[in-house]
Amino acid sequence: MAQLWGGRFTKETDKLVYNFNASISFDQKFFRQDVEGSMAHVKMLAKQEILTEDEKNQILSGLEGILSDVENGTLEITDEYEDIHSFVEANLIDRIGDAGKKLHTGRSRNDQVALDMKLYTRYEVVEINSLLKELLESILHIMEENIETYMPGFTHLQKAQPITLAHHMGAYFEMFKRDRQRLDDIYARMNYCPLGSGALAGTTYPLDRDYTAQLLDFSGPTLNSMDAVADRDYVIELLSALSTIMMHLSRFSEEIIIWNCNEYHFVEIDDAYSTGSSIMPQKKNPDIAELVRGKTGRVYGALVSILTTMKGLPLAYNKDMQEDKELTFDAIDTVKGCVALFTGMLNTLKFNKEVMKTSAMKGFTNATDAADYLVNHGVPFRDAHGIIGKLVLYCIEKDKAIDELSLEELKAISPVFEQELFEAVSLETCVNKRTTIGAPGPDAMREVLRIQKEYLSLK
C-alpha cells in the first residue's frame, strides 16, 4: 500500500480501513490536473531557489513521462496507491530517485487536492458551457424557422393565448442563457489558486503564490489558507447550477413528452431518440426525454448530499470533504450526457405545424382578443369578459371555434359584434399585434433573434 504518511505509525493500516480511506478509485479522474499542478509548483520552487534548476528539470521530465505513459496506456493507475497524489509521487521517485522526493516541498495534500478539484471543476465548467452553447444554437435555429408557426400558449396546461413556436422556444433560450451566465459567475468566483496554503497555515518556505497562480491561469492566490483548504463553495455552486440546468432540461423534456403523445401530436421524435415496446408493436416511446427528466433527481441528490456533508464541518480540512468528488464527477457526467443527447433529439425533432395551428384555433386562445374587441368598442371590460364567457360556452355546445361562427350567431350574443371581429381574432392578428419586446409578434421576435445571435457570437 503506497502512502505518504507512514512515519508516525508503528503498524500497518488495516486493509479494510485502508480501502475505506483510499480515494484512488475516483480521484484518478483528475490525474492530469494533479500533474499540471505539480509542474507549476516545481517551476515556482525553482524560481524561488528552493530547488535547483537541475532538480526542476529532472522532476518536470519525470512528470511529463508519467503523464505520457498514463495517457498512452503503458502505465496503469491501480489501487495499490492510496490516492492520485501518492501514485504520481511514488512513480516519480521510482523514475528519477531522490529529486522526486522534493516534489512535495512547501505543500500539503490539503492544498494539493483543493487545487486539483478546482482545476478539474474549472475545466468542466468550460466544457458544460460549450455544450449549452450548442443547445442554444439549436434552439435559435428552431426560432428562426418558426416565427410564423402558430400554436397555443398554455397556463395550467390549459390553452390560454395564441403564440408562435419561435416564442415558446425563446423561453427555453432564456433559461439556458441564464444557466451559462451562472457558470461564468462560478468560474470567476472560484478562479483563485489554493496551492501554497499548506495543510491550513501556509508554510515557512518563501513561496511565490502569485507566480504559481499565474502559471495555472488563476486570477490570483487565495487570501486565507484555512479557507483555501476548507472551501467547497464552488462545488456546491456548481452542483446548484447543474441542478438548475437539469430542471430546465426536465421541463423541456416534459413538454416534448406531452407534445409527442397521441392526443397532442405536436411533434414526432426521431427514431434514433425513441424506443419501442417489447409487447405493443405500435409504440414509439420518448425514452431519451424521459431519462433526462428522470436523471434530474440524480443531480439534485448530489447537491443535497454535499450540502449535508459540509454543514457541520469545523475549520479547516476534514476527511468528510473527500465525499465531494464522486458526487460531483457523477453529476458533471450526467449533465454533459443529458445536454448532448437532448441537443441531438432537438435537432431531429419534427414539428407538426398544422396540428399546432389547429389546436390554437380550437382552443379559444383568441378569447382575450375577442374581449379586447368589445372593450375597444365601448363595452366595459367586466361586461366584455362575461359576454365572451357566454360566447365560448356557445361555441363548445356547437363544437365550433369563435371565428367559425356566423355574424348572426355572434350578434345574438352581443349586437356590438361586426364583420371586422373575424379579422381581429384571427391567429395572425392575435400574434402580430403583440409588438412589445419579449412578445410573440414577428417584429418583436426578429429583434430578439438579433439580440440572441449577437450574444452567441460574443459568448
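Biologist: Hi! Is Asp324 buried or exposed?

Modeller: Asp324 is buried, with a relative accessible area of 1%. Keep in mind that this is a predicted model.

Biologist: Where is Asp324 placed?

Modeller: Asp324 belongs to helix 12, which covers residues 324–347.

Biologist: And which residue does the Asp324 side chain form a salt bridge with?

Modeller: Its partner is Arg232, and the closest N and O atoms are 2.9 Å apart.

Biologist: What else is Asp324 in contact with, leaving aside neighbours within four places in sequence?

Modeller: Besides Arg232, Asp324 is in contact with Met117, Val235 and Ile306.

Biologist: Nice. Changing topic: how many salt bridges does the structure hold?

Modeller: There are 28 salt bridges. One of them joins the side chains of Lys56 and Glu53, at 3.1 Å from N to O.

Biologist: How are Lys56 and Glu53 separated in helix 4?

Modeller: They are three residues apart in helix 4 (residues 53–72), so about one helical turn separates them. In an α-helix there are 3.6 residues a turn, so residues three or four places apart point the same way.

Biologist: What about Glu409 and Lys400, how do their side chains meet?

Modeller: They meet in a salt bridge, 3.6 Å from N to O. Glu409 is buried, with a relative accessible area of 17%, and Lys400 counts as partly exposed at 31%.

Biologist: Which residues do salt bridges with shared partners join into one network?

Modeller: Arg32, Glu36 and Glu71 are joined that way.

Biologist: Okay, on to His168. What does its side chain make a polar contact with?

Modeller: The His168 side chain makes a polar contact with the side chain of Glu255, at 2.6 Å. His168 is found in helix 7 (residues 165–190), and is buried with a relative accessible area of 12%. Not counting residues up to four places away in sequence, His168 also touches Met151, Ile163 and Trp259.

Biologist: Now the greasy parts! Which residues touch the most other members in the largest nonpolar core?

Modeller: That core has 94 residues, and Phe31, Phe87, Ile139, Leu242 and Leu249 touch the most other members. Helix 10 (residues 233–260) gives the most to this core, with 15 residues.

Biologist: What is Ile139 in contact with, leaving aside its neighbours within four places in sequence?

Modeller: Ile139 is in contact with Met169, Tyr172, Phe173, Phe176, Phe252 and Leu346. There is also a second, separate core of 21 residues, which includes Phe364, Ala370, Val379 and Leu405.

Biologist: Which residues are buried in helix 14?

Modeller: In helix 14 (residues 367–376), the buried ones include Ala370, Tyr373 and Leu374. The buried residues of helix 14 pack against helix 15 (381–398), helix 17 (421–424) and helix 18 (427–432). Just after helix 14, Gly378 has a positive phi of about 90°.

Biologist: Last one: which residues form a nonpolar patch on the surface?

Modeller: Leu200, Met226 and Leu315 do, with about 260 Å² of accessible area together. Leu200 lies in the loop between strand 3 (192–193) and helix 8 (209–215), and is partly exposed at 36% relative accessible area.

Terms used:
Residues are numbered from 1 along each chain as its sequence is written. This is a predicted model: local features need pLDDT of at least 70, side-chain atom pairs count only at pLDDT 80 or more; totals for chains, interfaces and linings use all residues. Side-chain values use heavy atoms; hydrogens and water are left out. A nonpolar core is a set of buried Ala, Val, Leu, Ile, Met, Phe, Trp, Tyr and Cys residues joined through side-chain atoms within 4.5 Å. Buried means under 20% relative accessible area, exposed over 50%, partly exposed in between (1.4 Å probe, protein chains only). Helices (H or I, at least four residues) and strands (E, at least two) are DSSP runs, numbered from the N terminus. Contact means heavy atoms within 4.5 Å. Patches are made of residues with over 30% relative accessible area and no salt bridge: like charges are joined within 9 Å, nonpolar side chains (Val, Leu, Ile, Met, Phe, Trp, Tyr) within 5 Å. Accessible areas come from the Shrake-Rupley method with a 1.4 Å probe; for residues, only the protein chains shown count as cover. A salt bridge is a side-chain nitrogen of Lys or Arg within 4 Å of a carboxyl oxygen of Asp or Glu. A polar contact is a pair of N or O atoms within 3.5 Å; within protein, one must be able to donate a hydrogen and the other to accept it, and residues adjacent in sequence count only if both atoms are side-chain atoms.
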